[in-house]
Amino acid sequence: MTRLPVRFWGRVRGLLPVRSDFATMARNPRRDLLAGLTVAIVALPLALGFGVASGLGAEAGLATAVVAGALAALFGGSNLQVSGPTGAMTVVLLPIVAHHGPGGVLTVGLLAGLILVALALLRAGKYMRYIPAPVVEGFTLGIACVIGLQQIPNALGVPQPEGDRVLVVAWRAAGAFLSSPNWTAVVLAFGVASLMLVGARWRPTIPFSIVAVAAATLAVQLFGLDGARPIGDLPSGLPAPSLGFVDLSALGSLLAPAVAVAALAALESLLSATVADGMTVGQRHDPDRELFGQGVANLAAPLFGGVPATAAIARTAVNVRTGAASRLAALTHAVILGVIVFAAAPLVSKIPLAALAGVLLATAVRMVEVGSLRAMARATRSDGLVLVLTAVATLTLDLVLAVIIGLVVAGALALRAVAGQARMDRTELRPDLPGSHSDEEYALLSEHIVAYRIDGPLFFAGAHRFLLELSEVADVRVVILRMSRISTVDATGALVLKDAVEKLDRRGITVLASGIRPGQRRVLESVGVLGLLRGREYPSTPEAITAARALLQGAGVLPAAVPAHSVAPVPEEASP
């Protein structure tokens, strides 16, 4: 009983920051401070935009970027990761805000944080790498479409229509615009988006998002443009910690969104950390510590009026490209945004909502890697199908359901492909001695003995095909199953093999086996296959053929004069 607490606290200590994390911050602070400043400039309009898109307002996005950004930088598993509000989170949070209000977001954030911490303690980080790439790409494409559609009301300058589905809301917003056009909002939104997209290709090092937003805000203030709704008043400083939970009766309905938030935070954060590792030399993240850091960040951010957070690939990439070398850069980004919250809230409140919509429209476009999608779709039909299906499900259904659908379909197609690699081929017996006498013996043996070589996995996805083939063996006296090339066998495969042997036995056909691997004996023994083959199992195929010959001689089918070495199988390495 005493070992469990010791192991538990050992795992907890393994997830906490260590001295080396802080030592790296002092190696090159100037580069980290400059990188943090650059990331903060890029992150400011995104934090404001995602806060508005979540339904809680721009201040929620800023609070998330400050609190979650600082805590994830301290406790996370990557030296270069930058965390904050992201588009994927807004997709989940918008319906929660609509149905449960800010208290629902707080509850979901706390539950998601607990789930992430539990996953870290269970060391589940390493399993995230098994999510297929088409699922990730399809999910990213679907999220990009959802984010883009969510911006349609603000980009068109119309009030937010009612509805939970983004396609329905975007359609209603388009109808409202046609009845009363607001060209000022359209010009601001698409002007900001165009400047960001064109500028990023022209000068990638310049943060055109802040340039475009500043230009749009200045134009509205100087020319007094009608139809450009501002963000509105922002609180000067972070709100005090809040404990506005929802009623316990609503807790059950929030569990699924909390799982969705935790899954998104885990997936996006670990994917972002992997991207950061690939952009650097010598940097490797700890996936379990990263889950723990995101858990801590999501426990704290909602308490200060923020929304659930995750690592952001775009901001992390900017951090790496600008020379960040330690956690100091991400901490600097959070501190600078905190200063903006306290010192520049009146200025930030004048930013037009249409300008932020343009920032998020450009972000949605840049999330889509056309080359990667094209390569994935061309790889195999299965990859293309999984990608498209996941993207469509993300756009039209629940996010968690979309990922589950993608995983299930990808798994089913993978099993089908693996099962298709399994083969059972009839192998011929070969005369080794020249002359007509040997040919006669060879013909006589081939008439009564048939050998099958099983290649690949013998498991539930394709085992019944073997049963059908074995059951249809023509009238022979002996069937030899060459099993040395079976890569794996499960209980279903073993049961199918047992069924086939029993059916052949009932027809009077003796089944011999050769080359059973030691690692496969346990499952074959558990379902009774080895018991059924007891006395008819041989280490090699030549020994099985010798036994088959003796069996036929005893039955009077073969003359006793047949030499023992006259017939041999095709060698295993030379078999087709």
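Biologist: How many bridges join strand 5 to strand 7, and in which sense do they run?

Modeller: Two bridges join strand 5 to strand 7 (residues 486–489), and these strands run parallel. The model is a predicted one.

Biologist: Which strand is joined to strand 5 by five bridges and runs parallel?

Modeller: Strand 6 (residues 478–482) is joined to strand 5 by five bridges, in parallel. There, I449 has V478 as its bridge partner. Strand 3 (residues 423–427) also pairs with strand 5 over five bridges, but in the antiparallel sense. T427 stands opposite A451 of strand 5.

Biologist: Why is strand 5 called largely enclosed?

Modeller: A residue is buried when its relative accessible area is under 20%. In strand 5 (residues 449–458), ten of the ten residues are buried, so the strand is largely enclosed by the rest of the structure.

Biologist: Why is helix 3 called roughly perpendicular to helix 16?

Modeller: Helix 3 (residues 29–54) and helix 16 (residues 353–367) pack at about 100 degrees, with axes 9 Å apart. Angles of 65 to 115 degrees count as roughly perpendicular, so helix 3 is described that way relative to helix 16.

Note on methods
Residues numbered from 1 in each chain as written. Predicted model: local features only at pLDDT ≥ 70, side-chain atom pairs only at ≥ 80, totals over all residues. Heavy atoms only, no water. Axes fitted to C-alpha atoms, helices over the stretch in contact; angles between N-to-C directions. Helix = DSSP H or I, 4+ residues; strand = E, 2+ residues; numbered from the N terminus. Parallel < 35°, antiparallel > 145°, perpendicular 65-115°, else oblique. Buried < 20%, exposed > 50% of the residue type's maximum accessible area, 1.4 Å probe, protein only. Pairing = 2+ DSSP bridges.
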